[in-house]
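Please read it beside the sequence and the structure.

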Amino acid sequence: MDNRIQSKHLRKYFVSLNFRADSSLSKKIDGFKKRYDPKYRQRAFAHMSLLRPFEISLSEKNSLIDELKEELDTFFFGHTSLKLGFCGVGVFQHKRSNVVFLRPDFSEDLSHCHELVTDICKSFIPLNIKYRPNAFQFLPLGYFDDNESLISVMDQAKLEFSKTGELSIDSINLYEQINGQWNKVETLIEFENSHDTFLQLQV
């Protein structure tokens, strides 16, 4: 697909996997974030971005939504449930914060979904906008400015998430940044509810 016409009216978007909040692992993640993440209230909902936020023309939003929905409906035709596994804890520096995160373990289907969504979104970015994708995707457990507290938080995260688990995916959604706040603008696809599992595997 050719890149779209450039526009002065740009908005930031990202596509996320949103998880069921009532599963055991989801509750465990939420409890950890409540105790340790100083910015918990800003990032309380259980989600994981499929790609780094990107900018497109506001006039192209509906076209982006239509294409994502059509492709995801086709890709996941016949899927009634979907899960994402996690396998370990990591940390990296983002601007002035250290991000503690869970490492996703993508299935073959989710790997292809990630590539599909990334390619579609990138095709809408104007030619004059430089876009650098993330080296990897992750589920944040918290953002920390203090290096001293980071050490104890990492130790606790490794202890609490020492086993591999899965989260049930509730939906895939598009978010838009408006006045500095991220707002869900469209549910691209939804999956039926399914019970989560917690695998007894050592990391």
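1. Order of elements. Read from the N terminus, the elements of the protein chain follow the order β-α-β-β-α-β-β-α-β-α-β-β-β. Helices (H or I, at least four residues) and strands (E, at least two) are DSSP runs, numbered from the N terminus.

2. Basis of the model. This is a predicted model, in which local features need pLDDT of at least 70 and side-chain atom pairs count only at pLDDT 80 or more, while totals for chains, interfaces and linings use all residues. Residues are numbered from 1 along each chain as its sequence is written, and side-chain values use heavy atoms, with hydrogens and water left out.

3. The chain as a whole. Of the 203 residues in the protein chain, 42% count as buried (under 20% relative accessible area, with exposed meaning over 50% and partly exposed in between; 1.4 Å probe, protein chains only). The accessible surface amounts to about 11,400 Å², and carbon and sulfur atoms account for 47% of that surface; the areas come from the Shrake-Rupley method with a 1.4 Å probe, and for residues only the protein chains shown count as cover. Among contacts (heavy atoms within 4.5 Å) between residues at least 6 apart in sequence, 81% join residues at least 24 apart.

4. Helices H1 and H4. Two packed helices are described by the angle between their axes and the distance between the axes. H1 (residues 24–36) and H4 (residues 147–160) pack at an angle of about 165°, with their axes 12 Å apart. H1 is therefore roughly antiparallel to H4 (over 145 degrees; under 35 is roughly parallel, 65 to 115 roughly perpendicular and the rest oblique). Axes are lines fitted to C-alpha atoms, for helices over the stretch in contact, and angles run from 0 to 180 degrees between N-to-C directions. On the H1 side Lys28, Phe32, Arg35 and Tyr36 take part, and they meet Val153, Gln156, Ala157 and Glu160 of H4. By class, the residues of this contact of H1 with H4 are 4 nonpolar, 1 polar and 3 charged (Ala, Val, Leu, Ile, Met, Phe, Trp, Tyr, Cys and Pro count as nonpolar, Asp, Glu, Lys and Arg as charged, and the others, Gly among them, as polar).

5. Helices H2 and H3. The axes of H2 and H3 (residues 108–123) come within 10 Å and cross at roughly 160°. H2 is therefore roughly antiparallel to H3. From H2 the contact draws on Leu64, Glu67, Leu68, Glu71, Leu72 and Phe75, and from H3 on Asp109, His112, Cys113, Leu116, Val117, Ile120 and Cys121. The residues of the contact of H2 with H3 comprise 9 nonpolar, 1 polar and 3 charged.

6. Lys61. This residue lies in H2 (residues 61–75). Leaving aside neighbours within four places in sequence, Lys61 is in contact with Tyr13, Ile56 and Glu176. Lys61 and Val185 are 124 residues apart in sequence, yet 9.7 Å apart in space, C-alpha to C-alpha.

7. The loop between E7 and E8. Is Asn179 buried or exposed? Asn179, in the loop between E7 (163–178) and E8 (181–190), counts as exposed because its relative accessibility is 77%. Asn179 has a positive phi of about 55° although it is not a glycine. Most residues other than glycine have a negative phi. Gly180 is found in the loop between E7 and E8, and at 52% relative accessibility Gly180 counts as exposed. Gly180 and Lys12 are 168 residues apart in sequence and 9.8 Å apart in space, C-alpha to C-alpha.
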